[in-house]
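Me: I'd like to learn how to read a fold, going from the whole chain down to one residue. Could you walk me through it?

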Amino acid sequence: MPNYILKFTGSCFIDPPVEITRLRLILTVMRGVCLVGLLVNLNGVIASTGSVSVLDRGFLYGDGVYEVVRTFRGRPFGLDEHLTRLRQSAAYLYMDVPWSDAHIRTEVERTLRQAVNDESYVRIVITRGAEDEISLLPGDDIEPSLTIIVRPIAQRMVLSEAGVHLQVSERLRTDRRALTPAAKTGNYLNNILALIEARRGGADDALLLNGDGEVTEATTSNFWLVRDGIVHTPPTEAGILHGITRYFLLQLLRERSIPHRETSLRPEELQTAEEAFLSSSVRLLMPVARIDDHLLPCCPGPLTRLLWEGLLEGMEAGMQAVPPPR
Ligand SMILES: Cc1ncc(COP(=O)(O)O)c(C=O)c1O
């Protein structure tokens, strides 16, 4: 056993099994302490907190991009797919990402190792950076900033039996021609306002429509419903984030030959849904119990349960998106 451990436990001459038991105990206590906190990796420096300049454009304008990944058995799940989308979002904002995917992966893994959580929520944020001039137009020499935030999340993944209550929002999803929902930018005001309004209306989350009156998605998840045994989800053309979980679910539906359609949905069609659920990297699948006044006949429904099991099996098997999401 290395010396520093003996010194740390304050005992050099006791029985090794006792020593190991003590060491385990200390590690468990340390882990308990870490579980209540955050770890922040700010441009390579890992600490329990981090400070960003007030001149950072992420702070001033939400001028940046981000991804949220969860770990599964301690490893970030779908990281390649999230990094692909991060790069696509940055390209949409005419933003350079000077770090390779390999570098970001290494930094994520380094932060996770230090966090010693059983399972973690990982947020990767790239802002366009800070400069002395406060101006809408970024300077040519501005240098982006990379932040990785790691925090503990529940280890056990369980499908909610209660489900959520969605309210069809009067606030429209941002038009693709204005700021495409396909880019995961730091500007989430559209979703924040819809969520506040849904909560004020007594619902858990909002379901947003686009300018053509079609269903798009919830504030931080993609939307699915089942009607006549067919799984439906709005197409990317409706103006949605091209969810990584959505992509994995579509892959699963294809592999298992479960009838499904990426199709435009009108709000009145929600009234005839047999089951509905949301998908996202953190929550995986969240059954929907109610949409406005319509109580879903099944929550969670049989297809929701089947896809939940399939998704967990895929995660266990290290499922990857082939080809990567658009
Ligand atoms: C608006 C929106 N739609 C959908 C999703 C789900 O995407 P993913 O499955 O990649 O987490 C998110 C996730 O944060 C989101 O913010």
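Reply: Happy to! Let's begin with contacts along the chain. Among those between residues at least 6 apart in sequence, 70% join residues at least 24 apart. Keep in mind that this is a predicted model.

Me: Where is the largest nonpolar core, and which residues have the most contacts inside it?

Reply: A core is read as buried nonpolar residues joined through C-beta atoms within 7 Å. Here the largest one has 38 residues, and Leu 166, Ala 206, Leu 207, Ala 276 and Val 288 have the most contacts inside it. Another core, of 20 residues, lies apart from it and includes Leu 39, Leu 79, Ala 90 and Ile 124.

Me: What does Leu 207 touch, beyond residues up to four places away in sequence?

Reply: Its partners are Leu 166, Gln 167, Val 168, Ser 169, Val 215, Ala 218, Phe 223 and Ile 291.

Me: What is Gly 243 in contact with, leaving aside neighbours within four places in sequence?

Reply: Gly 243 contacts Asn 222, Ser 279 and Ser 280. Ser 221, 22 residues apart from Gly 243 in sequence, is 7.6 Å from it, C-alpha to C-alpha.

Key: Residues are numbered from 1 along each chain as its sequence is written. This is a predicted model: local features need pLDDT of at least 70, side-chain atom pairs count only at pLDDT 80 or more; totals for chains, interfaces and linings use all residues. Two residues are in contact if their C-beta atoms, placed from the backbone, lie within 7 Å. A residue is buried if 20 or more other C-beta atoms lie within 10 Å of its own, exposed if 12 or fewer, and partly exposed in between; C-beta atoms are placed from the backbone.
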